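Visitor: Please show me the structure, and let us examine the terms used to describe it.

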Amino acid sequence: MSLLFSPIKIGNVELSNRFVCSATYECMAKETGEVSDELIKRYVSLAKGGVGLSVTGLMYVQLSGRGYKNQTGIHHDSMTDGLANLVDAVHQAGG
């Protein structure tokens, strides 16, 4: 079996394989920066496809730091519910 398909431990987190989706600009958040259903579907699809680790994409941490349209934001406490939903959905899909 290829090394890519073998589990690996990073700190105290064990990944099922060594396939990693690195951070990118998805352009899938709502105009307000909130997580959209489309964004959740993207990461769920990666998890179902067998990606061992997905690193979420480019996010802005304050409103003035927003660089692109439909960029995901984490600039306000109200954004955390959508991000938590994203994580929960990926975990339910095996990611």
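Visitor: What makes the largest nonpolar core, and how many residues does it have?

Guide: The largest nonpolar core has 12 residues: Met28, Val35, Leu39, Ile40, Tyr43, Val44, Ala47, Leu83, Leu86, Ala89, Val90 and Ala93. The term denotes a set of buried Ala, Val, Leu, Ile, Met, Phe, Trp, Tyr and Cys residues joined through side-chain atoms within 4.5 Å. Helix H1 (37–48) and helix H2 (80–92) each supply at least two residues of this core, and the largest share, 5 residues, comes from H1. Helices are DSSP runs of H or I with at least four residues, strands are E runs with at least two, and both are numbered from the N terminus.

This is a predicted model, in which local features need pLDDT of at least 70, side-chain atom pairs count only at pLDDT 80 or more, and totals for chains, interfaces and linings use all residues. Residues are numbered from 1 along each chain as its sequence is written, and side-chain values use heavy atoms, with hydrogens and water left out.

Visitor: Why is Val55 called partly exposed?

Guide: Val55 has a relative accessible area of 36%. Buried means under 20%, exposed over 50%, and partly exposed in between (1.4 Å probe, protein chains only); Val55 is therefore partly exposed. Val55 is found in the loop between strand S4 (53–54) and strand S5 (59–60).

Visitor: Why does Cys27 count as partly exposed?

Guide: The relative accessibility of Cys27 is 41%, so Cys27 falls in the partly exposed class. Cys27 lies in the loop between strand S3 (20–21) and H1.
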